[in-house]
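Please keep the sequence and the structure in view while reading.

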Amino acid sequence: MTLSAPPTRLFLTQPRQLYALATLLDDPTPRLAGWTYPLAVFDPAMAQRFITQWPALAQLPTLSSAPTPQLNSEALLNLAPDLVLFDLSRVGSVEGSPLARLLDELGIAYLFIDFNRHPLENTPKSLTLLGEALDATPRANHVIALIEQRLARIDQRLAGRPADAPTVLINVAPGVKVDCCRTNLRNGLADLVARAGGDNIAGALAPGASATLSNEWVLSHPPDVILNTAGQWAAGDGIRVGLGISDAEIAQDLRSLSHELPGWQHLDAVQQGQFYALWHGFHQGPFAIVALERVAQWLHPALFSDLDPAATFDALLPTPAALSREGRFWGALNAQ
């Protein structure tokens, strides 16, 4: 399906797709027909900040108040979209489905984008596609150039690093679904850890994109560094980071986690302060380069002391302005 004009009735099947639109458009709300469920499900503070910036977002039609595995086709079509955005992770369930056939029959275009599965590889591709679709190619090209410049700097410096890489445990959203330890094997943050010169301790496990590690397995494979993804989920679980959160609050949550998990107080990563929190949304929008800069600094502080990931974040998300200074999107056990 080819778009004959920039879409004016865009439907988001994942609310965090708004992050990409905010990167490319001064105000995406006039282009939106609705979304499957509101951003507040994942990040109430960020959702409220966007509503303050774009009040029309508060009235954006939704199909549900919570994540649902199936789209209601009739409700979606009642919103008369002219472009539907899907995450690439859903390509297998969408292509050839009754919904896809219906969209094809009605001449409604749909586009797959990815900032999650392989963020460093697919973010530029996704931004290019969105830029073409939204008639925002100049801004998309500017963002891509910024990302590529930052990435090249990291690659260049790591090319001469010693062979030994610090071992890293990726702990996805501890306390939200399980306390320990959902992790990425060969996607998501695992891509960033590898590119930042780290050795993902779960990388040698069975084929797959993700796994849940037992606490006993972690204690028997003690990492040098632990990266915990964090946010402000509606349920109030997990480690807090984001708008309105302080360094002290992040350190407090990390300290609580290290005490709640049996044996973690004795891990070198905890004792030496290599125990960190990173905003989960960095690999849900076009911000992987921000997370990569921060992870690279944690893994190789002497090599990357001059990087400024907060400035990179502000450059990628000019609206709302200075988001990085309205909260803390990462933090450490020993707040600095």
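**Cavities, pocket and cores**

The largest cavity holds about 70 Å³ of space. A cavity here is a set of points on a 1 Å grid over the protein atoms alone where a 1.4 Å probe fits but cannot get out, and lining residues have an atom within 4 Å of a point. Grid points are joined across faces, edges and corners, and a volume is the space filled by probe spheres set on the points. The model is predicted, so local features need pLDDT of at least 70 and side-chain atom pairs count only at pLDDT 80 or more, while totals for chains, interfaces and linings use all residues. Residues are numbered from 1 along each chain as its sequence is written, and side-chain values use heavy atoms, with hydrogens and water left out.

The lining of the largest cavity is made by Arg16, Tyr19, Phe42, Asp43, Ala230, Gly231, Gln232, Trp233, Trp279, His280 and Gly281. By class, these divide into 5 nonpolar, 4 polar and 2 charged residues; Ala, Val, Leu, Ile, Met, Phe, Trp, Tyr, Cys and Pro count as nonpolar, Asp, Glu, Lys and Arg as charged, and the others, Gly among them, as polar. Because domain 1 (10–113) and domain 2 (164–332) both give residues to this lining, the largest cavity lies between them. The domain bounds come from an automatic or database domain assignment.

In total there are 2 cavities of 30 Å³ or more. The second largest cavity contains about 30 Å³ of space and is lined by Pro119, Leu120, Thr123, Pro124, Ile147, Ala288 and Ile289. Helices (H or I, at least four residues) and strands (E, at least two) are DSSP runs numbered from the N terminus. The lining of the second largest cavity has 6 nonpolar, 1 polar and no charged residues.

A pocket, by contrast, is an open set of points with protein on both sides within 12 Å along at least five of seven lines. The largest pocket holds about 1000 Å³ of space. Its lining comprises 40 residues, and Gln14, Arg16, Phe42, Asn116 and Gln284 lie nearest its centre. Arg16 and Phe42 also belong to the lining of the largest cavity. Strand 6 (182–184) and strand 8 (210–212) each supply at least two residues of the pocket lining, which divides into 16 nonpolar, 16 polar and 8 charged residues. Domain 1 and domain 2 each provide at least three residues of this lining.

The packing of side chains comes next. A nonpolar core is a set of buried Ala, Val, Leu, Ile, Met, Phe, Trp, Tyr and Cys residues joined through side-chain atoms within 4.5 Å, where buried means under 20% relative accessible area (1.4 Å probe, protein chains only). The largest core has 101 residues, of which Trp264 and Phe282 touch the most other members. Helix 12 (residues 288–299) gives this core its largest share, 9 residues, and at least three residues come from each of domain 1 and domain 2. A second, separate core of 12 residues includes Phe11, Leu76, Val94 and Leu99.

Isoleucine 154, in helix 7 (residues 137–158), is buried, with a relative accessible area of 0%. Contact means heavy atoms within 4.5 Å; leaving aside residues up to four places away in sequence, isoleucine 154 touches Arg195, Leu292, Glu293, Phe304 and Leu307.

Definitions and conventions:
Buried means under 20% relative accessible area, exposed over 50%, partly exposed in between (1.4 Å probe, protein chains only).
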